[in-house]
Amino acid sequence: MDESWIKEFQMWASTTPLTFFKNSCYDYVRWQNKATQFYIAARLLYFQDLISPSVFCAFQAVENLMKATILFYKGIPFAEGFGHALKKMEREINSQIIKRISKKGRLKKLAIPAYFVHENRFQALSRYPRVGKGIGVGGFVIEDLDQLMFDLLKVVPFQFNTLLLNEIRKASHSKYKEILEKDNKCLSELKAYLASGIQEKSADETIYKLHSG
């Protein structure tokens, strides 16, 4: 994890009311865990050639993690107001979160591939067949999904006791860890990122350390 980005993040956290910051941390973990479940499902289904449910889960994973990112900084009601509009959330994260908090450009802008939202195919057509229209999935969908999830994780340095963190850290191969690691080009960077975060003995201790700046 980039120490310069951590310092920028702590500057923001230290000016945020502690109660809001603490609630945001716990809400973020709950939403990230749900996103991780869909992420694991998307990868599992894709490698079993179950493409339609895979891309639906991929869409849901990205949507949930985008909302987790937004609610961390702006609260749950604000995040839930975006519905399924990934591009709208992308603009919000880039202009109102990344640009404002990472003022020195420590984080790159989020970029949702156009085919993820084209004609709502991943979110709707994957579930409701329509004559003359396919989903339009290339062989790079999981690679793009892995990159998106990693880019979103980097926007929130609070990674304490999450499902993803616990699975990645396991010494032995669990069924989830194997799914997460299969052909994952972001794996090395992801492991390094999760290993370098601020981790005290408890969530509250981690929160207070982040908030203290």
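**Exercise 1. Locate K109 and determine whether K109 is buried or exposed.**

Solution. K109 lies in the loop between α5 (86-101) and α6 (114-117); helices are DSSP runs of H or I with at least four residues, numbered from the N terminus. The model is predicted: local features need pLDDT of at least 70, side-chain atom pairs count only at pLDDT 80 or more, and totals for chains, interfaces and linings use all residues. Residues are numbered from 1 along each chain as its sequence is written, and side-chain values use heavy atoms, with hydrogens and water left out.

Next, consider accessibility. K109 has a relative accessible area of 59% and is therefore exposed (over 50%; buried is under 20%, partly exposed in between, with a 1.4 Å probe and protein chains only).

Finally, consider the surroundings. Not counting residues up to four places away in sequence, K109 touches N94 and I98, where contact means heavy atoms within 4.5 Å. K109 and L152 are 43 residues apart in sequence, and their C-alpha atoms are 9.7 Å apart in space.

**Exercise 2. Determine why E167 counts as buried, and state which side chain makes a polar contact with the side chain of E167.**

Solution. E167 belongs to helix α9 (residues 163-169). E167 counts as buried because its relative accessibility is 6%. Leaving aside neighbours within four places in sequence, E167 is in contact with S174, Y176, K177 and L180. With S174, the side chains make a polar contact at 2.6 Å (a pair of N or O atoms within 3.5 Å; within protein, one must be able to donate a hydrogen and the other to accept it, and residues adjacent in sequence count only if both atoms are side-chain atoms).

How values were computed. Helices (H or I, at least four residues) and strands (E, at least two) are DSSP runs, numbered from the N terminus.
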